[in-house]
Structure formats: C-alpha cells, structure tokens
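Please look through the sequence and the 3D structure shown below. The briefing that follows takes up a cavity, a helix, the nonpolar cores and a sheet.

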Amino acid sequence: MSAVHLSSHEEYARLIDQYDTWMFDCDGVLWHGDRLIPGATEVLSLLRGKKKKVIFVTNNATKSRKSYKGKFDNLGVEASVVRPLFNTTAGGRFSNFTIRQDEIYGSAYAAAVYISSVMKLPKNKKVYVIGQSGLEEELRDEGISFVGGTDPADCTVSPFSLESFTLDPDVGAVVCGLDTAINYTKVSKAFQYLTRNPGCQFIATNEDSTYPAAHGLLPGAGAISAPLRYALGKDPIAIGKPAKTMLDCIKAKVHFDPKRTIMVGDRLNTDILFGQAGGVSTLLVLTGITLASEISGPNPSLIVPDYVTSSIADLAVVSK
C-alpha cells in the first residue's frame, strides 16, 4: 500500500478531524538545531484550539525533559489556542496554554525509567554514563547513582591506561546516549565494566545513526555506541524509537486510543516504524532526514507511512 501524499485543504482538515492525539518528533519536524521550522507554532496552536492531545516524543538524549521545556519556551513554542481562554484573574488578559514537561518524552527519560522500574537496579548499584548532562539529570531524578558522563576525569584527552584504571564493582549498567565529548577513555571504561562486572547491562538511549542539526546531518547516538557493539560483539538494549519501551513509557502516563492517534516524524526507521509498531497512524514530513525519493523513487523503502507532506506547516492551511 502506498502513502497518501496530502495536498488539499480538505485532506488536511479531514486528517486533523480524524485524530485526537498527536505525537510529534522534534528535531527535523519542529526545528533544526535552534531554528524553528516556519509554521510549526501555528500548527500546534491550531491543534490546541481543536482540543487535541499533543505529545512530544524525541530520541535526543542530550536534554532532559526540563531542558526540553526550556528549549520550547526559548523558541517561543507555546502552542497557544486559536481562541485563547479569557482569564478574569489576570486583569482581563488572555492566557495561553504552554507546553508542559509531562507532555515531553525523551529517550533519556525513558532510559532512566527503564533502569529504575524495569531493570530495578539495586540502590547500591550505579550506572556508567556515556552521554551528556540531560541524561545525567534524568538518572538523578529517578534516584539512580552514576559515574562517567560529564565528569572531567572521563572527558580527558590523555591516553587511557589499564594500569591506572580501578574497576568499580558497583557499576551494574552502562548507558550510552549521544555524547559530543566521546573519547577513547569513555569507550574503554565502558568496555571494562561490560566485560568484567558480572551481569552488567548494556543500554542505548537510542540507535539513531544520524540527527539533523541546524546546518546539516551529524553522527547520532547509534554511531556513539557502535564501537562498543563491535568490540563486545553484541547489541545493547535500545530504549528510544522505534523500540516498544518508549511507547510503554508513554502509555504508563497518558491514555490514548491508538485508532485515533497519529505519529508525526521525519525518519522512516525510527518515527514511522515506532508508530507502526504501536498500532498508530503515521505522517511523514520531509523537513528532516527522509527524502522524497526514499518513498517514491525507483527503489522505495519498505517502511511506508500512512501520509506524507512536505512540512508540518502544511497543516496550517486549515486555519486559513
């Protein structure tokens, strides 16, 4: 079955009416780096005005939910309703619906919940982190002890030496996310824990090979964990899209009808596959990773979204 390429006002209006819950990827769908995709805010406002439930589902593990909330605020993504509520307690001014932290689901948060609630890592154990402050913040909020990460001792450029390395027997898991300060020391320490600490679990926040930055593509978290996968000869437990773990995390917090839910994303093998695995409809936008030729070229992908549009901004035609 081929995807429906949306184009008319009637098609967009019908799409919006058909779904009550809208799940959005962020990078490549709502913004590139620190630049909003034109029209994204207007579409979120439109959906809010129509009383739609909006959820943000991102594989980016460099930011915590709190940090993502700050990014939404800094970019001016308030998703206010088209007809604002009149707030009589605010001196007769109109009030907006702002994006709440509990509407944001990132792979860092899901990884922390997995470690605390599924793995049930004992309190006397800790996690070795390959990642950044957002992942550390989510682990800390779940009461999980950790080492590595942004620790200056692990961000050193000095050669790693087994002779001077002391194995911490309390490390019960290694969690790997996107780490722009990745180095041989971090990989070597993680390898030691995974091969020498009995039962030590290998976890990846997500397996994205790349991610869309403001000026082009950069290696993603999957590329960061790849050296360990090769050295160990085994794959990690993947948490983010398209893994079911992420959807289970959302289901535990949000009630939604899969038949009336749609996932909006820019990547076939994460966003669209995630939606399909969860039994929800899918909308592919062409402002991020996936190119039009990948779904309609001579050798189209086997992953076929339900709908395709050039940009999330296309839905704003309904309000005109």
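Helices (H or I, at least four residues) and strands (E, at least two) are DSSP runs, numbered from the N terminus. The model is predicted, so local features need pLDDT of at least 70 and side-chain atom pairs count only at pLDDT 80 or more, while totals for chains, interfaces and linings use all residues. Residues are numbered from 1 along each chain as its sequence is written, and side-chain values use heavy atoms, with hydrogens and water left out.

**Cavity**

- A cavity is a set of points, on a 1 Å grid over the protein atoms alone, where a 1.4 Å probe fits but cannot get out; lining residues have an atom within 4 Å of a point.
- Grid points are joined across faces, edges and corners, and a volume is the space filled by probe spheres set on the points.
- The count is 1 cavity of 30 Å³ or more, and the largest cavity holds about 200 Å³ of space.
- Its lining has 20 residues, and Asp27, Asn59, Asn60, Asp208 and Tyr211 lie nearest the centre.
- Strand S13 (210-213) and helix H9 each supply at least two lining residues; the largest share, 3 residues, comes from S13.

**Helix H9**

- Gly279 follows H9 and has a positive phi, near 75°.

**Nonpolar cores**

- A nonpolar core is a set of buried Ala, Val, Leu, Ile, Met, Phe, Trp, Tyr and Cys residues joined through side-chain atoms within 4.5 Å.
- The largest core has 33 residues, and Trp22, Phe24, Phe56 and Phe72 have the most contacts inside it.
- Helix H2 (40-49) is one of the elements that give two or more residues to this core; H2 gives the most, with 5 residues.
- A second, separate core of 32 residues includes Val57, Ile115, Leu247 and Phe256.

**Sheet**

- Two strands pair if DSSP finds at least two bridges between them.
- An open sheet of 5 strands has the order S10-S9-S11-S12-S15, with parallel pairing.
- S10 and S15 (237-238) stand at the edges with a single partner strand each, so one side of each has no neighbour in the sheet.
- Strand S9 (residues 126-130) pairs with S10 (residues 145-148) over 4 bridges, and Tyr128 stands opposite Val147 in S10.

Notes: Buried means under 20% relative accessible area, exposed over 50%, partly exposed in between (1.4 Å probe, protein chains only). On a 1 Å grid over the protein atoms alone, a cavity is a set of points where a 1.4 Å probe fits but cannot get out, and a pocket is an open set with protein on both sides within 12 Å along at least five of seven lines; lining residues have an atom within 4 Å of a point.
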